[in-house]
Amino acid sequence: MRILSFLILFAILIFAKQKISSPHGPEFKISCEKCHSPKGWQLDREIYSFDHNSTKLPLTGQHAELSCKLCHSTLIFSEAKTECNQCHNDIHQYTVGLDCSRCHSTASWLVNNITEIHQRSRFPLLGVHRTADCYDCHKSENLARFDVVGINCIDCHREEYMATTNPGHVEAGFSEDCSVCHSVTAFQWAGAGFNHNFFALVQGHAGSKCTDCHFTSRYSDASPECNSCHQTEYNNTTNPNHRTLSFSMDCNQCHTLAPGWKPALYQQHDTQFSIYSGKHKGEWDSCTDCHSNTSDYSQFTCLNCHEHNKARMDSEHRGESGYSYVSAACLGCHPRGNSD
């Protein structure tokens, strides 16, 4: 009798459990009346009030017209897939990622704004790239795949890089990053603007051709030193004679970049005898005013300018020991030419 009672109780518990269990799974918490009516267990469209937009997959576009069973193959609704590739075959074969919504909408599979979409990619379509054929860069075994050769300039333009001879990119060791010289926003590759700021091509250097300084096809061989281009001018200059006077080959010590390299100012002169400041500032026109012997600038004279004041000078220097018109003697009392 005790065994029979136990069996009856067990049967009641099993029946009760089956009675309260939902066919939609134990985690399903939605009230039955949102979808069903006393008419039967079929979905009653007249009373259906469940908001599917509150789920992980809102029903928009063409999804709103689909039969529920296309996504809910079982009554356990939580088993329904929510990712695009779980229901749709990837015709692009993983070449553009798995998020279909990056390009497609639920309204249609057609893509009408591919250029705009491409701007959000790792290679925005700028300049001449905006008019390029997709398949120039996406070389694949079929038209649905979008494999990329690469996103670096050289990945697509190696042939042009290797073939360019003026200047020879390979010999010159130019960067394979084309954007260093070519603007990615331009609609033609001509007129490359190499950033030459490390040696500014301004004033006298403006308008120079590359080959004026780059004598070999390997452009990195060019020297930034003045005499690498101006040695001939340095050797041939006689007023003053740069070689005889052992002037520095660093031209910018005297010359500016102004066209013609003039005016040339030997600022170091003021450390020995002031001509750019003090009383002599603006009182001379050329070096030969004082250095009449252009082959030896160590010789100079004060008399070229001060001879016309000889009588006054004789009077002012009366009694001065060693007074003469020899320039070296003048400097003994008038160092650097600043004193009276």
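Q: Is F247 buried, exposed or partly exposed?

A: Let's begin with the scale: a residue is buried under 20% relative accessible area, exposed over 50%, and partly exposed in between, using a 1.4 Å probe and protein chains only. F247 has a relative accessible area of 21%, which makes this residue partly exposed.

Q: What kind of model am I looking at, and how are its residues numbered?

A: This is a predicted model, in which local features need pLDDT of at least 70 and side-chain atom pairs count only at pLDDT 80 or more, while totals for chains, interfaces and linings use all residues. Residues are numbered from 1 along each chain as its sequence is written, and side-chain values use heavy atoms, with hydrogens and water left out.

Q: How many aromatic pairs does the structure hold?

A: Here the rings of Phe, Tyr and Trp (its six-membered ring) pair if their centres lie within 6.5 Å; planes under 30 degrees apart are stacked, over 60 edge-to-face, and the rest tilted. The structure holds three such pairs. One of them joins F28 and F77 edge-to-face, at 5.7 Å centre to centre with 75° between the planes.

Q: Where do F28 and F77 lie along the chain?

A: Helices (H or I, at least four residues) and strands (E, at least two) are DSSP runs, numbered from the N terminus. F28 sits in the loop between α1 (2-20) and α2 (68-71), and F77 in the loop between α2 and α3 (84-87), so their pair ties together parts that are 49 residues apart in sequence. F28 is partly exposed at 25% relative accessible area, and F77 is partly exposed at 31%.

Q: What about the rings of F247 and Y266: is their pair stacked or edge-to-face?

A: Their planes are at 15° and their centres 5.7 Å apart, so the pair is stacked. Both F247 and Y266 lie in the loop between α9 (227-236) and α10 (303-306), so the contact ties together parts that are 19 residues apart in sequence. Like F247, Y266 counts as partly exposed, at 35% relative accessibility.

Q: How many salt bridges does a search of the whole structure find?

A: The general idea is that side chains of opposite charge can pair when their charged atoms come close. The test for a salt bridge is a side-chain nitrogen of Lys or Arg within 4 Å of a carboxyl oxygen of Asp or Glu. The search finds four. Among them is the bridge between R145 and D147, at 2.8 Å from N to O. In that pair R145 is buried, with a relative accessible area of 16%, whereas D147 is partly exposed at 25%.

Q: Which parts of the chain does the bridge between R158 and E176 link?

A: In this bridge the closest N and O atoms are 3.7 Å apart. The two residues belong to distant parts of the chain, 18 residues apart: R158 is in helix α6 (residues 153-163), and E176 is in the loop between α7 (169-172) and α8 (210-213). R158 counts as partly exposed at 40% relative accessibility, and E176 is partly exposed at 37%.

Q: Which residues do salt bridges that share partners join into one network?

A: The network is made of K39, D44 and E46. K39 is exposed at 65% relative accessibility, and E46 is exposed at 68%.

Q: How many disulfides does the structure hold?

A: A disulfide is a covalent bond between the sulfur atoms of two cysteines. The cut-off is a pair of cysteine sulfur atoms within 2.5 Å. The count here is zero. The closest cysteine sulfur to that of C71 is in C87, 5.0 Å away and too far for a bond. The sulfur of C229 is 3.7 Å from its closest cysteine sulfur, in C213, again too far for a bond. C71 is partly exposed at 28% relative accessibility, and C229 is partly exposed at 29%.

Q: Which value does phi take at Q93, and where does this residue lie?

A: Phi of Q93 is near 55°, a positive value in a residue other than glycine. Q93 lies in the loop between α3 and α4 (114-118) and is partly exposed at 35% relative accessible area. Q203 also has a positive phi, of about 50°, although it is not a glycine. Q203 is in the loop between α7 and α8 and counts as partly exposed, at 48% relative accessibility.
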